[in-house]
Amino acid sequence: MAAGVTLGDTVEGTVATFNPAKQFGFVRTADSSRDLFFHLRDVRNPPERLRVGSRLRGTLTEDRKGVRLADVEVLSAQTVDPYTFFIS
């Protein structure tokens, strides 16, 4: 676990990966010290489409599978897939 971060702490980060079919992804912490697992069911008021680059905040918790984010709040939703390029 990152230095100074303990279970129960609030953590902010950016969605690094998200699999809409399986409804889970990973959030890269603000200090880039690690990627944390999250599941869409733990996101309060999820946007219609959650994308890479969206900013999230959640509570660091641990279950039988390991450390993850729970009680997740969307701080800012990425509206355009950062991997899509527009050509004019």
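I take partly exposed to mean a relative accessible area between the buried limit, under 20%, and the exposed limit, over 50%. Phe-37 has 27%, so I log Phe-37 as partly exposed. The model I am reading is predicted.

**Entry: overall fold**

I looked up the secondary structure before going further into the side chains. The protein chain has six strands and zero helices. I read the order from the N terminus as β-β-β-β-β-β. The chain has 88 residues, and 28% of them are buried. I also checked contact range. Of the contacts with a separation of 6 or more, 47% join residues 24 or more positions apart.

**Entry: aromatic rings**

How many aromatic pairs does the structure hold? I find four. I describe a pair by the distance of the centres and the angle of the planes.

I looked at Phe-24 with Phe-26. Their ring centres are 6.4 Å apart and their planes stand at 85°, so I note the pair as edge-to-face. Phe-24 has 25% relative accessibility and counts as partly exposed. Phe-26 is partly exposed too, at 30%.

Next came Phe-26 with Phe-37. Here the centres are 5.8 Å apart and the planes are at 70°. Why do I call this pair edge-to-face? The angle is over 60 degrees, so the pair falls in that class. This pair links distant parts of the chain. Phe-26 sits in strand S2 (residues 24-29) and Phe-37 in strand S3, eleven residues apart. Through ring pairs, Phe-24, Phe-26 and Phe-37 form a cluster.

**Entry: second largest pocket**

Phe-37 turned up again here. Phe-37 is one of the residues that line the second largest pocket. The pocket holds about 170 Å³ of space. I sorted the lining by class and got five charged, two polar and two nonpolar residues.

Which strands each supply at least two residues of this lining? They are S3 (35-39) and S6 (66-76). S6 gives the most, with three residues.

**Entry: nonpolar core**

Nonpolar side chains tend to be buried together in soluble globular proteins. I went to the largest nonpolar core and found twelve residues. Val-11, Val-15, Phe-18, Val-27, Leu-36 and Phe-38 are among them. Val-43, Leu-50, Leu-56, Leu-60, Leu-69 and Val-72 belong to this core as well. Strands S1 (10-19), S3, S5 (55-63) and S6 each give two or more residues to the core. S1 has the largest share, three residues.

I then took Val-11 and left aside its neighbours within four places in sequence. Val-11 is in contact with Leu-36, Leu-56, Leu-60 and Leu-69, among others.

**Entry: positive phi**

Most residues other than glycine have a negative phi. I logged two residues with a positive value.

Gln-23 has phi near 60°. Where does Gln-23 lie? Gln-23 is in the loop between S1 and S2. Its relative accessible area is 36%, so I note Gln-23 as partly exposed.

Asn-45 has phi near 45°. I place Asn-45 in the loop between strand S4 (43-44) and S5. Is Asn-45 buried or exposed? Asn-45 counts as exposed, at 73% relative accessibility.

Note on methods:
Residues numbered from 1 in each chain as written. Predicted model: local features only at pLDDT ≥ 70, side-chain atom pairs only at ≥ 80, totals over all residues. Heavy atoms only, no water. 1 Å grid on protein atoms, 1.4 Å probe; cavity = no way out; pocket = protein on both sides within 12 Å on 5 of 7 lines; lining within 4 Å. Points joined across faces, edges and corners; volume = space filled by probe spheres on them. Helix = DSSP H or I, 4+ residues; strand = E, 2+ residues; numbered from the N terminus. Nonpolar A, V, L, I, M, F, W, Y, C, P; charged D, E, K, R; others polar. Core = buried A, V, L, I, M, F, W, Y, C linked by side-chain atoms within 4.5 Å. Buried < 20%, exposed > 50% of the residue type's maximum accessible area, 1.4 Å probe, protein only. Contact = heavy atoms within 4.5 Å. Phe/Tyr/Trp six-rings, centres within 6.5 Å; stacked < 30°, edge-to-face > 60°.
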